[in-house]
Amino acid sequence: MEYTELSAYDLPAGVVTSWTPRADAGRWQQDPRDLSPGHEAHLRDSEPGSWIGSVLRVPGPYEPEPLRRAVHAWMSRHEVLRTTVTRDAGAGWRRVTAPAEAVAVRDLVVGHLTAAQVTALLPSLLADVSPTAWPHCVLASVVPDQPADGFVLAFGADHSVMDAYSQLLWFEEIVSLYDAARRGVPDAELRALEVGSHVDFSAEDRKLAMTLAADGEPVHRWLDFLGPGATFPRYGADGVTHPAADAAEAARPQASRSAWLATVDQTDDLSARSRARGASAQSGVLAAFAHAARRVHGIDRLRFVLPMHTRYAPQHAAAVGWYVGLCPVDLDLDGVDPVLREVDAGGIGAKRVVDGTALTAAVERVHAAVAAGKPLVRYSFARIAELGGITDGPHLAVSYVDTRFVPGAERWSDWDARTLRSPAYGTDELYLWFLRTHDGLNVSTRYPDTPEAHVAMDALIEELRACFRAFGTAGLSEAVA
């Protein structure tokens, strides 16, 4: 599993078909449930052409009608895919929702295209979503010339209805629905799934957000983290990110890359060591990141935003929607020894091994830093920004997701499954997504497409790989005192 742009996916030549939900204008119903503050901020700030999605190779033969029924069932199950907003004069945004029976999924056969043409067309099809115009999710299929191994299916969605976990849930759900539809399972049974609605969650999120006060602790905690000027921290001081000098820099596409950092064995070793110290694998991976940043860029204090899920209620565990909050992390490693230590390996020179004492100290620092910020995740940052006069946005974000227990994860490699993001632009952001999978640990990054940023990220990723080589049975995992 990797998280990349669609241009990095090996798309075949074949027949391309778009799959788009439609609903009669008269079937939309006024919905009294409020939008979350985050949704309203997204309506105000989202960039045109911004989307997220997923792609996989569906096993088995391509059958259009079962696929239509599967897509319709998926949209019927998740209310957020059947809701949108309208603008009322003087009253702001209002929600309208269509019942499942009012939605139809229509296909349009684009035609047979070469692989290059498919690669050029599909991103534009999936980018045809917007936070202000329904549908907020569209799909496309590619039936290859030699379809023995199945066909490609991808979707693109606006962030107002989708988060990273929803992207991951889609793989198993759509394949299972397609298999069931091919077997002739009735539509009513296909649609049946008892999950919570993100529309309900949004209304509750707004209620909680409106209890916040400008002089309350959550606002003060964020302002303390941001410091003078209420600006988000950047990565180091070596020019990795910087405000765009002009419109041309602001419009420059960011660089994107995906890199495998560790084997399953190495990741399991770090995870076990972290748990033994009362922390999680997330703390271990973030400690490795902090170690690498300090070794190659001299950064003792890392301050970043850690996105975390807000799926607190069991009914929302398998729901599609945008369940994400922000955790401010202020990680100071001053006084902590390097996690790796060089030791004499005899005739083959020095080798790096894990310093158990330093690893314990680093993991404990990470665990404490995340624990300090975690209570703020449940409160809408959009509302906090409004109350605190915060106009800046994150410049350094680091995410960690353990995907191994998502339904169907053990089959993702067979399906060539991949989560997708649209291209981003500008020089002022560095994002890293660490994904723990059945294949090991992957990091996906996007960063300014500048010589300085490329050099910095090359060094950071190589140091991360070197760090993980010291873990697991394949490396020198002996701890030194």
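A nonpolar core here is a set of buried Ala, Val, Leu, Ile, Met, Phe, Trp, Tyr and Cys residues joined through side-chain atoms within 4.5 Å, where buried means under 20% relative accessible area, exposed over 50% and partly exposed in between, with a 1.4 Å probe and protein chains only. This is a predicted model, in which local features need pLDDT of at least 70, side-chain atom pairs count only at pLDDT 80 or more, and totals for chains, interfaces and linings use all residues. Residues are numbered from 1 along each chain as its sequence is written, and side-chain values use heavy atoms, leaving out hydrogens and water.

The largest nonpolar core has 56 residues, and Phe 289, Leu 432 and Leu 460 are among those with the most contacts inside it. Helix H10 (residues 281–297) gives this core its largest share, nine residues; helices (H or I, at least four residues) and strands (E, at least two) are DSSP runs, numbered from the N terminus. There's also a second, separate core of 46 residues, which includes Met 75, Val 80, Trp 170 and Phe 171.

Now for the rings. Rings of Phe, Tyr and Trp (its six-membered ring) pair if their centres lie within 6.5 Å; planes under 30 degrees apart count as stacked, over 60 as edge-to-face and the rest as tilted. The whole structure holds 18 aromatic pairs. Take Tyr 62 and Phe 151: their centres are 5.1 Å apart and their planes at 75°, so this pair is edge-to-face. Tyr 62 is partly exposed, at 24%, while Phe 151 is buried, at 1%.
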